[in-house]
Amino acid sequence: MKNVVKSNVKLKCISCGTEYPPDPRLYKCRKCGGLLTVEYDFSKAKISWNDFEGRGVWRYKQLLPPSEQLYDKTVTLHEGDTPLIKLENLVTQSNVYVKFEGANPTGSFKDRGMTVAVTLAKHIGSRLVIVASTGNTAASVSAYASRANIKSAIVLPRGKVALGKLAQSILHGALIFEIEGNFDDALDTVRKVVEINPEIYPLNSFNPWRLEGQKTLAFEVAEELGVPDWVIVPVGNAGNISAIWKGFKELYELKLIPKLPKMVGVQSEGASPLATAFERGLDEPVFVEKPETIATAIRIGRPINWPKAMMAVKESKGLFLKVSDREIVDAMAKLGSMEGIDAEPAGASSIAGYLKLLEQGVVSKKDKVVCVVTGHALKDPDAMLRISVNRIIVSKAEAVETILKTVSQ
Ligand SMILES: Cc1ncc(COP(=O)(O)O)c(C=O)c1O
Ligand SMILES: [Zn+2]
């Protein structure tokens, strides 16, 4: 174990506070079943921004779990280091940026987590990894497992995974199980499988080691832009918003940043257990039995990381909000046609959320805002084709000329 995870790291239950040694195979509290989080003892650490070297996720290796011995044995496809793009046309004279996670190797933020978790899985000798997925986790896990020469099994809700994501998993050679049911049912299946077969390594976001990689988004934003006033994140199973918040908190603890941002979690109206709870002032989510939305990546009714996400929003004095499918498609179309940024529906929900908050006056144009665009548009061609556009059938060059003359006037 000493060789795999650093000595200043432990696991802690977020519900009862029980602490554990940093076992990469421990995913829930043995006492109460609660979620675990990775904690570092930074009391002796003297880290400055100048200490970070290299690019992407592993630039921040001092703040990641694998031991020094593994630094040159990471399972990587050069993830992270994604573009931070200031919006210029969609909202003018504002201070809003897109953190474009579609630029990761498999086209979503999941790669940040997989490089860390699959590195650990490989070095503890896992031969088979498993995930439930709405699509992007499957695409990412299957790629990183292939890279590590490990087998991957994925469990998908049948008929509800965007085409590009399913195709990626096929390309990477995953063993694909499609179940009748939704993502929440798929996740229940995975939890049962790993309980009975502990040698199979789960890579869903209840695995706290995976979230360690995902927190590096906060490091990149803080290093490039300073601390935003708001960070807006699409929320499904609620791991990413928790990881990003953890990243900012660690920087604050290390005195690398002077303040913290407010976190906003965006959910789709048809799959909004956390946003509904927020609206009603409840401390627990209002689970949705049959979630439905065009943003299939966040079509989740029972988010497993809800306690962490609620804590992130509460501690940061942020909020959860809902956007409709129409607002999502509209934001996706605007982002593509006015800024040239390719977002899948779930990814564009952060922009839909931003536009709504701007309209409501909760966020002002002067505020420094980062919208996390979590996945690439190419993943979901069907969603892109729903955008209305002029497609003109022509048989002669003259017809093109005639039409263009009227357009350019
Ligand atoms: C594109 C995209 N956005 C957002 C999410 C939600 O992330 P989380 O489940 O960590 O809340 C997902 C999860 O699959 C996703 O694929
Ligand atoms: Zn516990």
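The legends below describe close-up views of a predicted model. Residues are numbered from 1 along each chain as its sequence is written, and chains are lettered from A and ligands numbered from 1 in the order in which they are written. Because the model is predicted, local features need pLDDT of at least 70 and side-chain atom pairs count only at pLDDT 80 or more, while totals for chains, interfaces and linings use all residues.

**View 1. The chain as a whole.** The chain holds 13 helices and 13 strands, where helices (H or I, at least four residues) and strands (E, at least two) are DSSP runs numbered from the N terminus. Of the 409 residues, 51% are buried, a residue being buried if 20 or more other C-beta atoms, placed from the backbone, lie within 10 Å of its own.

**View 2. The packing of helix 1 against helix 2.** The axes of helix 1 (residues 110-123) and helix 2 (residues 136-148) come within 9 Å and cross at roughly 40 degrees, which makes helix 1 oblique to helix 2; angles under 35 degrees count as roughly parallel, over 145 as roughly antiparallel, 65 to 115 as roughly perpendicular and the rest as oblique. The residues that meet include Met114 and Val118 in helix 1 and Val141 and Tyr144 in helix 2, contact being defined by C-beta atoms, placed from the backbone, that lie within 7 Å.

View 3. Helix 2 is mostly covered, with 11 of its 13 residues buried, among them Asn136, Tyr144 and Ala148. The cover over these buried residues includes helix 1, strand 6 (128-132), strand 7 (151-157) and helix 3 (163-171). The end C-alpha atoms of helix 2 are 18 Å apart, in agreement with the 18 Å that its 13 residues should span at 1.5 Å a residue, the expected span being 1.5 Å times one less than the number of residues. Just after helix 2, asparagine 149 takes a positive phi of about 60 degrees.

**View 4. Helix 13.** Helix 13 (residues 397-408) has 12 residues and reaches 16 Å from its first C-alpha to its last, close to the 16 Å expected at 1.5 Å a residue. The number of buried residues among these 12 is 0, so helix 13 lies largely in the open.

Notes
Axes fitted to C-alpha atoms, helices over the stretch in contact; angles between N-to-C directions. Contact = placed C-beta atoms within 7 Å.
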